[in-house]
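Here are some friendly notes to read with the model open beside you. Take the points in order and find each residue as you go.

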Amino acid sequence: MHSKEQICHDDYQKTADWILSQTQHRPKVAIICGSGLGMLADALKLQDSFHYSDIPGFPQSTVQGHAGRLVFGELKGKTCVCMQGRFHMYEGHSLCKVTFPVRVFKLLGVETLIVTNAAGALADGYCNGDIMIIRDHINMPGLAGLNPLNGPNDDKFGPRFPPMSGVYDKDLRRLAKDICKSLGYSQFVQEGVYCMVGGPNFESIAEARFLHKLGADAVGMSTAPEVLVASHCGMKVFGLSLITNKVVKDYDDTEKVNHEGVLGVSKMRSETLQTLVTELVSRLDINNNTA
Ligand SMILES: O=P(O)(O)O[C@@H]1C[C@H](O)[C@@H](CO)O1
Ligand SMILES: Nc1nc2[nH]cnc2c(=O)[nH]1
């Protein structure tokens with residue numbers, strides 16, 4: 001490993017090679033589970049799983065509701081790898097560490113990244129328990145210069161100046177909306193803009209009003225760096241936010257958000273999310289490889 005902030009191609013490759021030596025699964029799809037959404041991995045059949053602490057080079061997750069396991073297996077016959085727990089900037093990880101698994105997935109042969117997160121609603125029409133298909137994001141740390149692509153560009157992964165328009169794949173979003181319709185989910189499914197902030201504090205009222213005015217429908221503390229790095233190395237991206245709370249935008253509102261409440265709503269919608277993601281994966285146009 002180079003300096004604390006600098007991870008080189010060999011570091012990603014070493015981790016990928018270790019994983020390839022430990023499992024026969026060769027996933028084309030990776031799923032990152034948000035807070036309290038790790039049960040998505042439970043649906044995988046023929047599982048091989050690894051604690052992050054046992055994977056050479058892997059960061060460790062420290063947040064309640066993030067189990068810290070990499071799970072390989074099949075969802076309706078499609079080979080996937082699932083991160084049961086992700087890394088956040090507020091845990092003290094550099095953005096290179098936060099996005100380390102995404103580049104490892106690329107080296108494993110992953111072509112599509114599905115990200116999920118727990119988020120607070122800024123949009124007035126959203127309710128707790130709604131599922132928001134992410135149309136686009138606002139990367140607040142990125143706009144302020146905190147970017148996982150900072151430093152020398154690794155041309156083997158992608159270009160120095162990657163575009164970020166149209167990153168959330170239009171066809172996958174359309175497919176997800178069709179699936180939601182056929183499953184009878186449409187009344188609690190939204191499509192909108194996710195805003196990433198650094199956390200770990202939730203928003204002040206003035207910040208919430210500011211983000212809403214900027215065009216954000218939901219706010220959370222993850223996702224944008226992973227999506228950015230996945231898009232940089234040519235992966236298709238699909239994202240879902242589970243709306244776990246309303247962000248207070250009114251000075252007369254005395255409600256206070258907390259992580260336990262976030263986990264409670266995640267639990268309530270876990271099965272629904274699992275069904276939606278499983279159905280989506282089953283309809284992806286991919287063929288399985290094996291070792
Ligand atoms: O990993 P995600 O983005 O789902 O986690 C969200 C943001 C914070 O980590 C936590 C706050 O409750 O949930
Ligand atoms: N920043 C932020 N992250 C969240 N994760 C879940 N709910 C919220 C929220 O209201 N704000």
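1. Helices (H or I, at least four residues) and strands (E, at least two) are DSSP runs, numbered from the N terminus. With that in hand, look for Pro-59, which sits in the loop between strand E3 (45-51) and strand E4 (69-75). Please keep in mind that this is a predicted model, where local features need pLDDT of at least 70, side-chain atom pairs count only at pLDDT 80 or more, and totals for chains, interfaces and linings use all residues. Residues are numbered from 1 along each chain as its sequence is written, while chains are lettered from A and ligands numbered from 1 in the order in which they are written.

2. Is Pro-59 buried or exposed? A residue is buried if 20 or more other C-beta atoms lie within 10 Å of its own, exposed if 12 or fewer, and partly exposed in between, with C-beta atoms placed from the backbone. Pro-59 counts as buried because it has 21 C-beta neighbours inside 10 Å. Leaving out residues up to four places away in sequence, Pro-59 touches Tyr-52, Phe-87, His-93, Lys-97 and Phe-100; contact here means that the two C-beta atoms, placed from the backbone, lie within 7 Å. Pro-59 and His-93 are 34 residues apart in sequence, yet their C-alpha atoms are 8.1 Å apart in space.

3. Which strands pair with E2? Two strands pair if DSSP finds at least two bridges between them. E2 and strand E5 (residues 78-84) are parallel and share four bridges, with Ala-30 partnered by Val-81 in E5. E2 also runs parallel to E6, again joined by four bridges, and here Val-29 stands opposite Thr-112.

4. Now for ligand 1, which has 13 residues around it; Gly-34, Ser-35, Asn-117, Ser-222 and Val-262 come nearest. A residue is near a molecule if its C-beta atom, placed from the backbone, lies within 6 Å of it. Strand E6 (112-121) and helix H8 (259-282) are the elements that give two or more residues to this shell. By class, the shell has four nonpolar, eight polar and one charged, where Ala, Val, Leu, Ile, Met, Phe, Trp, Tyr, Cys and Pro count as nonpolar, Asp, Glu, Lys and Arg as charged, and the others, Gly among them, as polar.

5. Around ligand 2 there are 15 residues, and Ala-118, Gly-120, Val-219, Gly-220 and Val-262 come nearest. The elements giving two or more residues are E6, strand E9 (218-220) and strand E10 (236-246); E6 supplies the largest share, three residues. This shell has nine nonpolar, five polar and one charged residues.

6. Finally, an unreviewed UniProt entry lists Glu-203 and Asn-245 under "binding site". They are spread over 43 residues of sequence but cluster in space, with a largest C-alpha distance of 11.9 Å. Glu-203 is in the loop between strand E8 (189-196) and helix H6 (205-214), and is buried because 21 other C-beta atoms lie within 10 Å. Asn-245 lies in strand E10 and is partly exposed, with 19 other C-beta atoms within 10 Å. Beyond its neighbours within four places in sequence, Asn-245 is in contact with Gly-120, Asn-128, Val-257, Gly-261 and Val-262.

Technical notes. UniProt positions are given in the numbering used here, feature names are shortened, and annotations may be inferred rather than shown by experiment.
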